[in-house]
Each structure stands twice: as C-alpha cells, then as structure tokens.
Amino acid sequence: MVPPSSMPANVHISTHPCLRAKLSQLRSKGTNARETKTLVHEIALIVGCEALASGLQTVSSGTGESPLGYSYNIETISPKVALVPILRSGLGMLDALQTLLPDPVPVHHLGLFREPTTLQPVEYYNNLPYHRPSTSTSPSTSAHPEIAILLDPIIATGGTSVAAIQTLLEWGVKKVIVISGLASEGGLRRAAAEGGTGEQVEIWVGGCDGEVDGRGMIRPGMGDVGDRLFLTIGK
C-alpha cells in the first residue's frame, strides 16, 4: 500500500483499520458476488463518512420539539449536493451514500467504459440535466448542486475519473468529491491534478496500490468490480 503522506494534499487515503481489513477480504478471488456487494457497500460507508465530514457543513434551519416537549435547534447539511455513480460499478456504492445523507438528493448517472486497446475512456451515457452556468442568485439557479459526489470503486489509470471530473466541472458544479475504494498511485495523481487547483477536486479512497499492469488493471488490486458485482466475469 502507498503511504498517504506521499500523495497530493487533495488526496486522502483512509487508515481506518476496519476498512483495511475489508479491503483484504474484497481482494480475495474467493469472495462471491453477494459478499462483494456487501463489502463494497461497507467500504463506501466508511470512506463516505470521512469524505462528507470534511466536505460538508451543518447549518441551522429552525427549531423543533422533542417527544418530551423540549425545543431544540434543527440542523441540516450545506451546500447542496448530487450523487453521481459511474456505471456500472458505482451503483454498488450508491446506497451507502444515500444512507449517510440526511435527506434525499438528486442522483445522476455517467456511463463510461475503457477502450481495451488504448485504455482511453469512452462516454456512452450521460443524464446530467441541462444547466446554464450563471452568477445569478435567483431561485432557479440556487437549486443547482454546488458539489457533485462522484462514486467509482476503482481508480486504475485515472482516465475514467478525469473524464467524469471534467464533465461535472463543465456542467457547473463548484467542486467534485471523488469517493473510491481502491486506486493506483498514478491514477490518483492524475485525477487529483484535474481542475487546475486542489480546491475543485477532493479524492477520498480506501487504499492505494503502486501500479497497474499492461491491461490497465491495478496490481494486486481487486479485479473488475463491476464484473464481480454483476456476475459478468469473462464477458
């Protein structure tokens, strides 16, 4: 595993002992599809909790009354966020982030696959709603999310993450928070450099391996998570 201290300031590699143990379980070729789904969910919960604690703030939204009749301050989160899983494997992380967030938020999907020869990302699906960036403070524009939370269990070469980050910044969000289970060192550095400054992109990941092989797969890694989740290994 690559030590967190060697990474750019906008990259955060978890040191949670339970997460590290779950990563080892997920790496095993003996882990079946049901166990893979559970482990991806649990890893996303831990990494997501760390990412949201840093990326969000609490704001007061009035007062409420407890069952005993006492008043209390109601707190909610700020700023507005949207969840963006990368198809297919990002769907395995979606429920964890929806569980963490106190209220429902928009979910938009990006479909990207890696061309096997060039290893370059190819977009095949994008359901981001149309939005015209504006400096106006009118209600119509204030509903647009300020932060996109990008979900992708694996960052290998970094090409898919870079393409998704570019798409989201062009869409008009102020910041992209990437939540991932495992990355390669090179892929992390490449994704972290996207957007110009570290203020636009934050990457939170469960672990980091040193390199990718000739097929663009992380070594030792955990294989193709999408194939493992949906039992399409050997397609």
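Guide: A salt bridge is a side-chain nitrogen of Lys or Arg within 4 Å of a carboxyl oxygen of Asp or Glu. The structure discussed here is a predicted model.

Visitor: At what N to O distance do the side chains of R219 and E211 meet?
Guide: R219 is partly exposed, with a relative accessible area of 46%. E211 also counts as partly exposed, at 39% relative accessibility. Their side chains form a salt bridge, with N to O at 2.5 Å.

Visitor: How many salt bridges does the structure hold?
Guide: One of them pairs the side chains of R27 and D209. Another pairs those of R189 and E185. The total for the structure is eight.

Visitor: How many residues apart in sequence are the parts that R27 and D209 tie together?
Guide: The side chains of R27 and D209 meet in a salt bridge of 2.8 Å, N to O. R27 belongs to helix 1 (residues 17-27) and D209 to strand 10, so the pair ties together parts whose separation in sequence is 182 residues.

Visitor: In which helix do R189 and E185 lie?
Guide: The two side chains form a salt bridge at 3.2 Å, N to O. R189 counts as partly exposed at 34% relative accessibility, and E185 counts as partly exposed at 24%. The residues are four apart, about one turn of the helix, and both lie in helix 6.

Visitor: Where is E194 found?
Guide: Helix 6 covers 185-192 and strand 10 covers 201-209. E194 sits between these two elements, in the loop.

Visitor: How far from E194 is the nearest side chain of opposite charge?
Guide: E194 is buried yet has no salt bridge. A salt bridge requires the nitrogen and the carboxyl oxygen to be within 4 Å. The nearest side chain of opposite charge to E194 is that of R190, and the distance is 6.9 Å.

Visitor: With which side chain does the side chain of E194 make a polar contact?
Guide: Leaving aside neighbours within four places in sequence, E194 is in contact with V162, I165, Q166 and V201. A polar contact at 3.3 Å joins the side chain of E194 to the side chain of Q166.

Terms used
Residues numbered from 1 in each chain as written. Predicted model: local features only at pLDDT ≥ 70, side-chain atom pairs only at ≥ 80, totals over all residues. Heavy atoms only, no water. Buried < 20%, exposed > 50% of the residue type's maximum accessible area, 1.4 Å probe, protein only. Lys, Arg positive; Asp, Glu negative; His and termini not counted. Polar contact = N/O pair within 3.5 Å; in protein donor to acceptor, adjacent residues only side chain to side chain. Contact = heavy atoms within 4.5 Å.
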